[in-house]
Each structure stands twice: as C-alpha cells, then as structure tokens.
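Please find below a short note for a colleague who is meeting this structure for the first time. The points follow the coordinates shown here.

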Number of protein chains: 4
Amino acid sequence: MVQGSTNLNTELTQEWLQNYVDDWVRFYRKHTVDGELASYIPQLTKADPNALGVIIMGNNGMTIKSGDVDATFSIQSISKVFAFIVACMDRGVSYVLNRVDVEPTGHAFNSIIHLEMRKIEKPFNPLINAGAITVTSMLQGRTSDEKLEGIFQLLEKILGRRPELDVDVYESERESSIRNRGIGYFLLEAGVLESDLGITLETYFKQCSIKITVEDLAKLGLILANDGMDKTTGEEIIPRQIARLAKVLMLTCGMYDASGKFAAYVGVPAKSGVAGGIMASVPPRIREEVLPFMDGCGVGVYGPALDEQGNSVAGTRLLRHIASHWDFSIF
Amino acid sequence: MVQGSTNLNTELTQEWLQNYVDDWVRFYRKHTVDGELASYIPQLTKADPNALGVIIMGNNGMTIKSGDVDATFSIQSISKVFAFIVACMDRGVSYVLNRVDVEPTGHAFNSIIHLEMRKIEKPFNPLINAGAITVTSMLQGRTSDEKLEGIFQLLEKILGRRPELDVDVYESERESSIRNRGIGYFLLEAGVLESDLGITLETYFKQCSIKITVEDLAKLGLILANDGMDKTTGEEIIPRQIARLAKVLMLTCGMYDASGKFAAYVGVPAKSGVAGGIMASVPPRIREEVLPFMDGCGVGVYGPALDEQGNSVAGTRLLRHIASHWDFSIF
Amino acid sequence: MVQGSTNLNTELTQEWLQNYVDDWVRFYRKHTVDGELASYIPQLTKADPNALGVIIMGNNGMTIKSGDVDATFSIQSISKVFAFIVACMDRGVSYVLNRVDVEPTGHAFNSIIHLEMRKIEKPFNPLINAGAITVTSMLQGRTSDEKLEGIFQLLEKILGRRPELDVDVYESERESSIRNRGIGYFLLEAGVLESDLGITLETYFKQCSIKITVEDLAKLGLILANDGMDKTTGEEIIPRQIARLAKVLMLTCGMYDASGKFAAYVGVPAKSGVAGGIMASVPPRIREEVLPFMDGCGVGVYGPALDEQGNSVAGTRLLRHIASHWDFSIF
Amino acid sequence: MVQGSTNLNTELTQEWLQNYVDDWVRFYRKHTVDGELASYIPQLTKADPNALGVIIMGNNGMTIKSGDVDATFSIQSISKVFAFIVACMDRGVSYVLNRVDVEPTGHAFNSIIHLEMRKIEKPFNPLINAGAITVTSMLQGRTSDEKLEGIFQLLEKILGRRPELDVDVYESERESSIRNRGIGYFLLEAGVLESDLGITLETYFKQCSIKITVEDLAKLGLILANDGMDKTTGEEIIPRQIARLAKVLMLTCGMYDASGKFAAYVGVPAKSGVAGGIMASVPPRIREEVLPFMDGCGVGVYGPALDEQGNSVAGTRLLRHIASHWDFSIF
C-alpha cells in the first residue's frame, strides 16, 4: 500500500500531467454547448459560454493550469461555504446548527416547498438559499459591510489578497433576486433570521458578488482538503471540525439537486456557483498504486455554461473525468 | 504524517481499547430508553429494548466485541445495500442507475410524495423503499427464491456461512407491510419494475428477513471499507466501483432522513435497519497521530430501540462517540 | 318575478328548443377533436371520439334529445355519487362523513399527495378516487355483488330497469387500474377502509363498469334536481338531505380539478366520468324572465373525447353554452 | 309549490322570528369559548372574544338584529370579494380570470405550496391571499389610495356612506404581515402582478383595514343575493355576471379550508374575515312550504373568536343553525 508523498510522485512529472489535462480540457470544452449561461442575473449573461479552465494545486507543490484560467468571475453560491465557516467560527458550530439543519433535500436550490410542507423550524441545510440566507443573518456586525468583513478576512488569509466585490454583479443581483426576497420573508416569519432581513439580503447579495479566479478556487479547495490548515505555513486557518463539516455539506448538498450524482461519480466535496465556478477538495488518500496528487489537492474549475441543475456543464464532466482517472474519491 | 499500519498500533492494545469500548457501551446502553422498538412489524416488538452491542473488526486483525453481541436479528433495510450490489453485478451499474437515481431525498424512508410531485420516472435512490423495491425487481431469477439466490451467495462468500431467513419475521413482514404494497403499485404504474410486482415484493420481504448478527455486520462493513476486497485472501468479492458506489449511497442516504446529520457527526458510510442493526464502513485513513483501526475497519452495531427516524437510538450515539474519539470520518 | 311553471313555458315549444339544441350539438361536435379518448382502460379506446349527444329532461314533462343519444357507455366516476348516496342511506350521513371529508382538493382525481402531506386521517372528498374507494368500502354486504346491490336497487328505482355491468370494461378496469390499487393500500394503511381491500376494489371496479345511457344520466340528474323526489310519483327515492349533500359535492368537486371553473362558468351540480358521460342537475329557479326548464331539469351528456382534466371536452362546452343561454346557474 | 314573496310571509312576524334568533344567539354565544381571537395582527387581539351578533336583512323589508350588532371591526378577507368585483368591473372578467384561476385549493389561506408545486402561472383563486394580492394589483390607479378608490366607491353605493380605514389595524397589518410580503415576492417572480409590489401590498393591507359593521355585511350580502341589484331602487350596482361569479367563489372558496364543509352544511355563498365577520348571501328560493326570507336575504355575522380554519367559531355555527332551520341552501 502506498501513501501519497512528494517523492513517490516524481515520475508523474508536471509536464506529463499537464499534457493529459490539456487534452481533457480541449475535449470537454466542446461540451460547453450543452449548457447555457445563467440568465436570471443579467450580468452573468456577459460571460464567454465556451470558456473552460481548471487549476489543480497539490500539497506536493505541483500546480497544473489549463484552459481559461485568467477569467475573473463572481463566487456566487460557493460563498455559502465560507459564510457557513465564518458563522461557525464566530458563533460556534452548535449555535449555527441549532438554526439550520444539515440534511440534503432532493429539491432545487431555491425551493421553498419544505418551509411549508414539513412545518420545520429550520431550513434544510446551509447550501440551499433558504439555509444560506439564514447563515448570513448570523454573521457578526450591524451593517452588511461589517457582516462581510469576516468572510473578507478569511478569504484574504487564504488567498493572500483582499477580495473585491463586482459592483455590477451586486447591483444586478440585488435587482433581480426576487425569489430570494420571497424566501427571506418566509424565513423572517419562521423566526430563524438573526438580523434585519434587509441587511441580511444585502449581505447575501454582496457575498455572492465577490470576484474570484480559478486559482482562488483551487487554493480554497486545498485549504479545505487539509482540514483548514495552510500546509506551507502550518497555520490552522479554519478550525478542523468546521472545515470537516463544510466538506460534509459540500459532498451531500454542494452541487444542487445533482449532489447525489456528483458524490457517486466524482466522490469529492465540491461546491458550484451559477457564474460557472466549482471548488473541489481532494483530501490525501491511500491507494495501492502511485497516483497524481495523492497528498491531496484543491481544484478550481471555471465554465459558465450551466446544466439544468445550475452546475457548470463542461466543468462537471471535466472534474468527473479527472477524478475518475486519478481516483480522487474519498470513498 | 502517519499511515495506519499494524505495527504502529502496538501501543493501542486490544485490552486497552476493549476497556474503552466497554465503558462506552455501558454508558450508551442507558440511552436505549430514549427509543422504541419498531412496531409496524409485530415480530420486531419481541426484541429486548435495552440491548446494545458493537463489534469493530479491523484490517489489522484486531476485533473488539462489547455488549449484546450474541443477538440474532433481521437485516431489514441493510439488505438494500446488498440487493443494490448484486443488481449492479448482475445487470451492470448503468443498467441499474438508469432505473433508480442516486439522490438523497430529505424525506422519510417510506415517502411516496416525490413519485407524484415531480413526475419523475425513477425513484430517488436505492436506499429508500421505492428505490429498493425497484432494485429488487432487477435481481435475476423468475421466483423470489431465485432472485434471492444472488444475495445469499454474496453474503455466504463474505460471512462464510449461508444466511437463513427468519420465517416468522418474513410472515410478519408480508402481512403488515401495506405501505410497501402501495408503493409497489405506484412503481408498477410508473413502469419502473423489471419483474412481476407480487414476486418482487415477496423477494423484498424475504431479503429484509435474513438473519444476521453483529459480527456479520462488522464483516460486511469491513469488506466495503476495503472496496469489496477480502484482505485476508486478496479476493475481490465485490467489484471496486460497485463497492464504492454502495458506500456513497450509504453516506448520503443510509440513515433515513437523518443521513445528513450522521454524515456531519459520524462521517462514515453506514446503513441502518429497523430491527436495530447498523453496518458501518471505515476506510483506511491518513492522520497526523496514531489512531486505532487506521488501516480501516468494519463496525457492526445492534440496538433495537429506535429514534424517530428509525435508526438505533443508542447505536447511533455509540457510533458517533467511537467515530469521534478515533477520528473515523472520511472527510 | 317569474316562477318556472309549465304553463309559462308554452311559448317555448319543444320544436323551437329542439332546433336550438340541434344547432349547438352540431357546432360543439367539431370541438371533439380537441380531446382524446381515455386510454388508461383499453376498453374505453373503442368509443367513437367524435360522438356528442345530450338529453334534457324537464319537470315540465318536456324532453329534448339531440346528437348521439343511443350510445351505451360505462358510468365510471359518476357512480361515485350514487355509491356515496347509498352509503349515506345505509350508514347515516354522519357515519360516512366521519370517514371521508367534503373538501375540494385542487388536485387531480387520482392524487395521493395529500394522503402523505397533511397526515390526514380521512380522504378529502367522496368524488376523488381515494374518497370514493373509502365510500365503497362502507357499502353493506360481504361480497362485491352484495355491496353493489344497494347501488343497483337505487338505480333501478330511478331508471325503471335493473342496470347491467359491462363485463369487458370491468375486466379491463380491473386489470389496468394499478394506481387505484396503490391508493387502496394507502387507505388500508391509513385505516379508513371498512371492508377487505380486495372486495372493496372489486366492488369499485364493478360500480364503474355499470352500463348507462344519456337518458339515464338525464333521469338521474332530474331526481337530484328535485332533492331526491320522483315528481311523477311523489316518491322520495333519495332522502332530501342526502340528495342535497350529493349536489354540494358535485358542484365543488364533481368535475375533477376543473370543478371551480365549471362552477364559475356553468354553475350547476354535475359529475363527469372518463367514458365521456356527464350528469347535471338543474334545480327549479326564479328569474325575472321566462326561461326554458325553469321548473328544473336533469341533463345527460355523452362525448367520450376528454380534455386534460378528464372531462368530456365537447360535452363540457355544450353544457356551458346551454346553461349560459338558459341561465341554469344556481347562484 | 310556493315562491317566496312578502305577503306569504305575513304569519312569520318579525317578533316571532326575532325571538327565535335571540334564543339562537344566546345559545351559540357560549360556543365562543371554543375559539380564539386572531393573534397575528396585534390590533385584533383587542376585540371582545365573547361577542356574537347577527343581522338578517330580507328582500321582504324585514330586518332581524340580535346580539352584538353595534361593533365596528375590520373587513379583512371579506374585502377580497369586493376587490375582485371592482377588478372585474374595471378590467373585464376575462382579463382578471386570465391572471387568477377560480379553483378551490384544499390548502390553508396563506399557502404557497402550490405556487411551487405545480409550476402554475396563476394563483388558484381570488379568495386565497396569493390570488387576492394578484387581484389587488389589477385595481386601477397609481397609488394605493387611487387603487382603493374603486372599492370605496362601490361600498359607498351599497352602504350609503363612505367607509373609513381603521388606521391602527392598517399599521398593525402592515407591520406584521410578513408572510404576505413573502407571497408578494413569489407572485412578482411568477410575473402575475400588474402593479408595483410595494403599492399592491399597501393597497391590500388598506383594503383589509376597512371598518365595517354587522349591518354593512348584511347589506353587502343582500346585494349579492340579488345578483348585484339594489331592489329598493332597481339600480344594478354590480353587473349580474360578476355578482354571480363572486358568489361561486364565495361558495367554493369563501370559508378558507372549511369551504367544502360550509357548502355542505350551510349551503350558501359566504365569506369570512379574521376579525370575526361573515357575510352570507341567500338568493330567493322555491320551496314547498312557506319559510322566512324566501325572497332572499343578506346575513351579517360578527364573532371574533375564530376556529382553527380562521372562521368565526360561534358565527359559523349560528349561521349553520339558521340556514338549516329556514332552509337557506341554494342546492
């Protein structure tokens, strides 16, 4: 049995892996035509529908970049993971989980049916909109900017630069997200919001508008793969229990109502956003043979053409291909 | 970083671990009063509501047994995992997954609401009753006994003895499972059944009535932890892809509508049955420190007093405690 | 203000009204192409899709017949009204209403969603399948033939001949009505059935297979219009309270999930069946001007091409036209 | 057969009927303890929970008043009927019915489940909140006051005085009706609103806050009983088709999710409000014997203690008693 470690990967040279990934990106770029840009936020329709890019950043120090890796795009639902992490860090895990459950739903991301149907007192999980808005209401601070500060600081620690808002996306988001306002009022009525609804929604729209790159997503995915630790510095940026919990949620609920299929076919914690980003976390693993990135890696993907569930159509397939070839699954 | 291996566990002596587990079983046995015996099948009400037992069987050759480990009980829903495995082995994974999805539902195990609500053409996953009955209909054979044969042969290979049916439970099951007949007719109408409904249900009731022990569950969990391989003989009993898929389903849907919470708090693939059994699979893992059963293990639990979701109330808490102390999580 | 009475209708000669109705039937027969024959019971697909016929039978002794009035067809869901009436006559109204509610649902006739969603202990109303099967279980008798006897005797009293079963339809019904079996098991589980499920379903399939003509439907509608009394003999065939209740149910739930629209646009109690029949009851009414059939009438319609809700497409439009021209509405 | 007319009612003296009604009011006032004041709007909790009053106003000129008939209270959901009438008068019936359906739902008045479940493009009916808010959005005018003007003018014509808003109730309503805001956003997203959401909700909250008395409700009920005509002046205040349609909606959907039971047991079009008012319309009817108010009447009821469905608990029972004794049913 072989444990992933840098020296065992020597034969898997960067160049050799790069060629593979380039081939796969070329192949799956053709799949972008099977999807469509998100249209509910006007700003998102300005993306290049054929774009596809991936960055894999390993604990072994190796980074593979291929395709459209220079794009900047909005983080969208991927921010839900970090809002959850910050809320848990600020308030404690049990405080947060008393107000939002951790069950997958089988429903679309913007479903409200459960709020009525089961007379439940808390939303199903932090990665559907109802749960994410509830989590955002728990962030510390009186204004939306104060509330965002925790997320900004966490991202800055990981990315090495302070993230920026895409103001156009934010405006677009705020103006078009009628359903989120509707969800907000149901949450308000259900009594689960911890802040003023208006400020909560403003924060939520802002957190979704944070500008991000494929490389950022890879870095974020890598930190989570390492249970919240920055292996280069040894600093624990996210408490281990919280990082683990975030990965559980990503695996069971991270890919909207295709989460079950993604778990079955890809098998790693991942979270997608409607701007086309996917962040995936591949923990270190034990295998009989030597495989690339056995020490664990983070993967960032960008492909704004979405499938029906709201996930990057080509990005999902590319990830599945890579995960399958290099046996990324945590199962 | 430390990889689990037998020699590293020397200081974790059997006796030392045994004491721990005995303490925990004693402690959690008191929790059995928080649950109730399943009442929908009369036979199940004859169990000892205060029973609690666990067996942990490691790849390192160590086995810990504690509490009521001599009970024989019916496998119930845990059989769904093996029916799924056999159907995939017989028909191919894609054949099966074309007929049953792999999405968690957030609904109770015997829910039919989705069958109507989403005009879906296939049940949500193989571990809810609707999906399990569909899977059973795909087992090869004309009669219920022929259909069962595949499951029996698989279990025999793993357990080293041919399993038996608990005829009383089967009769009880057949007579009382009205809702499963209702589900059956909806599946028939939806056109997803691959066999006669009567034979399918007969097979389903029989597979749920297979007699099992805590040790059996530990053995079954260990085989799955090892991706289908019997490490002692090197034989691949279940194809790796299918074993992996079974574990994904166990993690996302194995504990009824508490699956999300189980994934969050325990973090390993597991499947429960209403007779009080739980089978859990703990794959080999990499950790900074030396931990028990790092080479991977299977866990069998028995505790017939159930919580509201239908899982062993004390068994679930005991598993959570062990998994947390010894860091079993796959995340 | 004018009260409907025979002598006031003298100028509305039979011939004059006949011409009108003939024109309307000719016109609406073209609408049959907008519908389709019921396909779920093979026998029903043998009907003439372009057939349309109507009979209006007034308390004033006048009868208008137009179009395809010689067809014999199965009563289908219209039987639900008479099963309900017989159950109320046998068991008492409160007995029946303790076991089935009288609320409209807004759902399709064969919906089961409510059975699960609201944890209700009784089906919504006697005119959806779940409620109708429950009502049928309350009919007196041990066998399906004994149970049917009450319905047969009631119909015989009204029609002047003992009705017959269409054995082919019955066989067809029994073999194809999978969903009704599914519903039956859910009712059994809910504990609302008063007889053995098999016998209940056999009775239900038989009652739906009773052979009927347009004239029969007009006669049945007339008796109900007269609150259960046969005006020609003065005999009360159905107790007044029960006849009234049947009309309330027909108005609020009689036309499947188009009942609200039918009430709004036609405004009289009516019940349709998937073989294409409609029975409507027009009670005596007070109007400023002299109008046909002011003393009340029964209307039978036949048009087997159905709309999406399962109502005769041309028949519904024809009824709406007649009701609107002659101001049949009870409102 | 007897047609209701003034001279036939001579023996039914005012005094004689008054005594009956006084007895009944005394009896049913004790039933107020079975209900509770509406609590979701703080202002409503200030009412006298034991109040019960009724006014019956006949076309024969006779008016019976009994119990607490001097109370002034807010019209609440009864305003939905008049908003619907005004929208139909302003925009045309087909315009309105293209945007809101006329189907009963079987769901609670403030349900949103259907909006998601059936992917419907219009709310179920104008008497549930979702439909009522949609109707209000169709009222003419740019501001909420302009929009209200049509309702005010209609009520003024019928009541003989310009109605007033209860400003405290309006403020209370506006501040506490979170769910209605949630519904509003879902309607906005569904694209059915014809005006700005904020103005629509302001109008809706105002229309619900109109001050009304039991006598007002009787007058309003009487006009509807007469198909929109003021019999004393001969003026058609509401077009006949629209008045009829309003009565159909009242019968099928006017008493929240007890509408079916109210139709079955009372049998007349009625609409209730959470402040405790009920307005019922009893059209002229034909009966074998002489009965009170055979020429038709309007009934106003006030009893602020509500049952679980949100209807006046004692008021509903009182109405049922009167309707049953004097055979008010339209069936």
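1. A residue counts as buried when its relative accessible area is under 20%, and as exposed when that area is over 50%. The model discussed here is a predicted one, and in it B:C297 has a relative accessibility of 0%, so this cysteine counts as buried.

2. As for covalent links, a search of the whole structure finds zero disulfides over all chains. D:C88 is accordingly in no disulfide, and the nearest cysteine sulfur, which belongs to D:C253, lies 14 Å away. Because its relative accessibility is 3%, D:C88 counts as buried.

3. In chain D, helix 1, which covers residues 14-29, packs with helix 13, which covers residues 313-325, at an angle of about 145 degrees and with 9 Å between the two axes. The crossing of helix 1 of chain D and helix 13 of chain D is right-handed.

4. Which residues bring helix 1 of chain D and helix 13 of chain D into contact? From helix 1 of chain D come D:W24, D:V25 and D:Y28, and they meet D:A314, D:R317, D:L318, D:H321, D:I322 and D:H325 in helix 13 of chain D.

5. Chain A is divided into domain 1, made up of 2-76 + 211-325, and domain 2, which spans 77-208. Taken over C-alpha atoms, the centres of these two domains of chain A are separated by 23 Å. Their contact takes 36 residues from domain 1 of chain A and 38 residues from domain 2 of chain A.

Note on methods:
Residues are numbered from 1 along each chain as its sequence is written. Chains are lettered from A and ligands numbered from 1 in the order in which they are written. This is a predicted model: local features need pLDDT of at least 70, side-chain atom pairs count only at pLDDT 80 or more; totals for chains, interfaces and linings use all residues. Side-chain values use heavy atoms; hydrogens and water are left out. Axes are lines fitted to C-alpha atoms, for helices over the stretch in contact, and angles run from 0 to 180 degrees between N-to-C directions. Helices (H or I, at least four residues) and strands (E, at least two) are DSSP runs, numbered from the N terminus. A crossing is left-handed if the near helix is turned anticlockwise from the far one by less than a right angle, and right-handed if clockwise. Contact means heavy atoms within 4.5 Å. A disulfide is a pair of cysteine sulfur atoms within 2.5 Å. Buried means under 20% relative accessible area, exposed over 50%, partly exposed in between (1.4 Å probe, protein chains only). Domain bounds come from an automatic or database domain assignment.
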